[in-house]
Amino acid sequence: MKTLFGSAAQRRRNPWKRRAQTRPRVTLTATNASHERAVTDRPVKHSLTLLGHRTSVSLEPEFWQAFRDIAAAADTPINALAARIDAARGTDLGLASAIRLYVLRHYRDALEKAQNSSRLDNHP
């Protein structure tokens, strides 16, 4: 049925709105300790509770796993660790970025500590 604004099908299909262009999913392989694992390029959204408020954070699966591992090693619930990171971050840094930096710094500190320990063991 034609109306002043076109047919019903034309009204549903907005000509001014661009259709989202889907980009192909890129999967790379990374070698780690003689085994290969898939590295995805798309963040995954998870919900967290920070001081009684629900929020969602999008991180790559590798960062989520590392974040869970850090929380488990510290025997701290993931929400409590996220709340601690949230409280320490500045207002100009998003929570997802703050978590990524926390994970990066955690593993960099662990690597530096291991390297320093190795140097001390090798010196008489």
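User: Quick one to start: is D75 buried or exposed?
Analyst: D75 counts as exposed, at 72% relative accessibility. Exposed means over 50% relative accessible area, buried means under 20%, and partly exposed lies in between (1.4 Å probe, protein chains only).

User: What am I looking at, and how are residues numbered?
Analyst: This is a predicted model, with residues numbered from 1 along each chain as its sequence is written. Local features need pLDDT of at least 70 and side-chain atom pairs count only at pLDDT 80 or more, while totals for chains, interfaces and linings use all residues; side-chain values use heavy atoms, leaving out hydrogens and water.

User: Back to D75. Where is it found?
Analyst: D75 is in the loop between α2 and α3 (78–88). Helices (H or I, at least four residues) and strands (E, at least two) are DSSP runs, numbered from the N terminus.

User: What about the phi of D75?
Analyst: It is positive, about 55 degrees, although D75 is not a glycine. L51 also has a positive phi, near 55 degrees, and is a residue other than glycine. L51 is found in the loop between β3 (44–50) and β4. At 76% relative accessibility, L51 counts as exposed.

User: Now α2. How many residues does α2 have, and what span does it reach?
Analyst: α2 has 13 residues. From first C-alpha to last, α2 reaches 18 Å, close to the 18 Å expected at 1.5 Å a residue. The expected span is 1.5 Å times one less than the number of residues.

User: Which residues of α2 are buried?
Analyst: W64, A66, F67, I70 and A71. They cover an arc of only 165 degrees around the axis, so they sit on the same side of α2. That arc is taken from the directions from the helix axis to the C-beta atoms.

User: And which residues are exposed on the other side of α2?
Analyst: A72 and A73 are exposed there.

User: How do α2 and α3 cross?
Analyst: Their axes come within 9 Å and cross at roughly 100 degrees. Axes are lines fitted to C-alpha atoms, for helices over the stretch in contact, with angles from 0 to 180 degrees between N-to-C directions. α2 and α3 are therefore roughly perpendicular. That label covers 65 to 115 degrees; under 35 is roughly parallel, over 145 roughly antiparallel, and the rest oblique.

User: Which residues meet between α2 and α3?
Analyst: From α2 come W64, F67, R68, I70 and A71. From α3 come I78, L81, A82 and I85. Contact means heavy atoms within 4.5 Å.

User: New topic. How many salt bridges are there?
Analyst: The count comes to 2 salt bridges. The rule is a side-chain nitrogen of Lys or Arg within 4 Å of a carboxyl oxygen of Asp or Glu. R100 pairs with E60 at 3.0 Å, N to O. R100 lies in helix α4 (residues 95–122) and E60 in the loop between β4 (53–59) and α2 (61–73), so the pair ties together parts that are 40 residues apart in sequence.

User: What is the relative accessibility of E60?
Analyst: It is 18%, and E60 counts as buried. R100 is partly exposed, at 23%.

User: And what does R89 form a salt bridge with?
Analyst: R89 pairs with D86, the closest N and O atoms being 2.6 Å apart. R89 is partly exposed at 30% relative accessibility. D86 is partly exposed too, at 23%.

User: Last one. What is S56 in contact with?
Analyst: Beyond its neighbours within four places in sequence, S56 is in contact with K45, H46 and S47. S56 is found in strand β4. Its relative accessible area is 39%, partly exposed.
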